[in-house]
Amino acid sequence: MERTEEVMETTEEVTEHTEEVTEHTEEKKCLNCGAELPEGALFCSNCGAQANRLVMTEEVPPSSGFFKRNKKLLCIGVAAVLGIGGIIFGVHASGVSALKKELLRDWSKLNGEDGVYIRSILDFSDDEIEYRIETDYSWLDRTIGTFDYKVTGKNKFKAKSSVGSWESYTVEFDDDKSMMIVSPALTSVDREEYWFCHD
């Protein structure tokens with residue numbers, strides 16, 4: 001019984017507030033379907049929704065918010081930034097791919113004199129570089145070292161020996177790409193080293 005009285009009081013308060021809102025509203029619309037409601041209606045004649053679920057309509061001035069005023073311009077700006085980012089990524093990826101392709105060729109150099117030569121080979125695979133020497137005597141052939149590597153730019157890669165840390169190297173090619181200059185030198189303490197491709 002007590003609960004019923006509370007519900008009745010709450011219903012009366014809602015009715016009073018609804019009447020107050022109705023008095024101050026020039027036009028009432030149904031929240032459910034948007035149809036105009038006649039003065040004092042308890043239900044929408046169009047959809048049957050309760051009239052206390054009303055929305056007041058009044059002339060709303062256009063928003064003066066920055067984002068709403070400049071929505072089209074902002075969309076164009078975002079599209080431009082994404083487009084430029086895509087182009088930069090594409091150019092970078094193209095340069096990385098081109099360098100990787102050149103590195104995977106057979107690079108070597110001859111050391112020695114008077115008919116005694118040792119062929120040094122720099123053999124790049126997808127993620128490893130093998131530095132080895134070959135002679136006319138296979139029992140003297142040796143792998144000197146291996147390096148993990150990754151191409152980081154159109155003329156740069158990073159390499160790491162099994163005991164070292166990652167170091168950056170710059171690669172330059174001559175016009176016909178038969179000579180490669182690596183600086184600093186990967187296989188010595190020199191400032192740079194020259195490798196040749198004869199394929």
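**Cores and surface of the chain**

User: Which members of the largest nonpolar core touch the most other members?

Analyst: This core has 20 residues, counting buried Ala, Val, Leu, Ile, Met, Phe, Trp, Tyr and Cys joined through side-chain atoms within 4.5 Å. Buried means under 20% relative accessible area, exposed over 50%, partly exposed in between (1.4 Å probe, protein chains only). The members with the most such partners are L122, F124, I129, F157 and M180.

User: Which elements each supply at least two residues of this core?

Analyst: The model is predicted: local features need pLDDT of at least 70, side-chain atom pairs 80 or more, while totals for chains, interfaces and linings use all residues. Numbering runs from 1 along each chain as its sequence is written, and side-chain values use heavy atoms, without hydrogens or water. Elements are DSSP runs numbered from the N terminus: helices (H or I, at least four residues) and strands (E, at least two). The suppliers are α3 (71-103), β5 (116-124), β6 (128-134), β7 (142-153), β8 (156-161), β9 (167-173) and β10 (179-183).

User: What does L122 touch, not counting residues up to four places away in sequence?

Analyst: Contact means heavy atoms within 4.5 Å. On that basis, L122 touches W107, I129, E130, Y131, M180, L186, T187 and W195.

User: How many helices and strands does the chain have?

Analyst: Along the sequence, the pattern reads α-β-β-β-α-α-β-β-β-β-β-β-β-β. That gives three helices and 11 strands.

User: Is F67 buried or exposed?

Analyst: F67 sits in helix α2 (residues 66-69). Its relative accessible area is 61%. F67 is therefore exposed.
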